[in-house]
There are 2 protein chains.
Amino acid sequence: MAGDVLGDQVEDVLDVWYGFVASHPHLVRYFAGPDGAPIDAYLARVRARFGQWVRDLCERPWDRAWLDYQEEIALRHTGAKKNRADGVHAPERIPLRYVVAFIYPITATVRDFLAQKGHSEQEVDAMHQAWFKAVTLSVALWSRPYAGEEW
Amino acid sequence: MAGDVLGDQVEDVLDVWYGFVASHPHLVRYFAGPDGAPIDAYLARVRARFGQWVRDLCERPWDRAWLDYQEEIALRHTGAKKNRADGVHAPERIPLRYVVAFIYPITATVRDFLAQKGHSEQEVDAMHQAWFKAVTLSVALWSRPYAGEEW
């Protein structure tokens, strides 16, 4: 259900999240080159994948292919693969503390979007709880390469 | 405010969380000795510290001493210090994925307790959001020893 509800709002959701990142210099720097300027093409490519993550989380079965792609996303936050897929020279990893901390804004900001399609308060709450669980699961999966055998 | 509200309910909150752990063999095993039986004294000592974490999170300033204690809690989840404070021979670490995943139940289960003291729906929501942020912050801090320089 959350897929039907968020599907046509994904760009608006991304606007909120990108606005949040853009307004915090300590976050936007992970998208910046050696000169300190944000790399627009990199921001755009990551944004497209971020949107795909939302759609996949809502619509796809969480099967082996989905799980494998979460591992790819995880690696692209770390020194193993960040920057390579996009051929950029931004900082070489997203610190794990930011990945974990993002659970809060990525969850809290979605409720208003879930409430846009005329569902009852109770249905919106249920979708929001499902979203919160799904975000937490994603971050648990993305934490794998940071922790090695302690994962 | 959440401190006044949760203060006399901490044992009830812990009953819920311990019930959750106890009902999942893949979780309770981290409190079990080599024979596979949960170690009651260990469970009790961890429970007391878990309650202290709740009270500290609600009532204390998040100063250097608080931050240092979060690092101690973090280490006690890992091979560096788990079991030592309590002189037990349980599994030597809590995998990071469980620490991250716990953000969900530790957040979701607290709303009903926050609603017990006659506050408005809006005040309960505000306290619940503050609690969610505080739990997420705690887990971000506890993830430090797992990630080393990638934290």
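1. A crossing is called left-handed if the near helix is turned anticlockwise from the far one by less than a right angle, and right-handed if clockwise. The crossing of H4(B) and H5(B) is left-handed. Helices are DSSP runs (H or I, at least four residues), numbered from the N terminus.

2. This is a predicted model, in which local features need pLDDT of at least 70 and side-chain atom pairs count only at pLDDT 80 or more, while totals for chains, interfaces and linings use all residues. Residues are numbered from 1 along each chain as its sequence is written.

3. Helix H4 (residues 40-59) and helix H5 (residues 64-75) of chain B have axes that come within 12 Å and cross at roughly 150 degrees. Axes are lines fitted to C-alpha atoms over the stretch in contact, with angles running from 0 to 180 degrees between N-to-C directions. H4(B) and H5(B) are therefore roughly antiparallel (an angle over 145 degrees).

4. Arg49(B), Trp53(B), Asp56(B) and Leu57(B) of H4(B) meet Trp66(B), Tyr69(B), Gln70(B) and Ile73(B) of H5(B); contact means heavy atoms within 4.5 Å.

5. Gln70(B), in helix H5 of chain B, counts as buried at 1% relative accessibility (buried means under 20% relative accessible area, with a 1.4 Å probe and protein chains only). Leaving aside neighbours within four places in sequence, Gln70(B) is in contact with Trp53(B), Ser138(B), Leu141(B) and Trp142(B).

6. A rotation of 180 degrees with 0.0 Å of shift along its axis superposes chain A on chain B (RMSD 0.0 Å), by least squares on the C-alpha atoms of residues with pLDDT of at least 70 in both. The two copies are thus related as by a two-fold rotation axis.

Methods: Chains are lettered from A and ligands numbered from 1 in the order in which they are written. Side-chain values use heavy atoms; hydrogens and water are left out. Helices (H or I, at least four residues) and strands (E, at least two) are DSSP runs, numbered from the N terminus. Angles under 35 degrees count as roughly parallel, over 145 as roughly antiparallel, 65 to 115 as roughly perpendicular and the rest as oblique. Buried means under 20% relative accessible area, exposed over 50%, partly exposed in between (1.4 Å probe, protein chains only).
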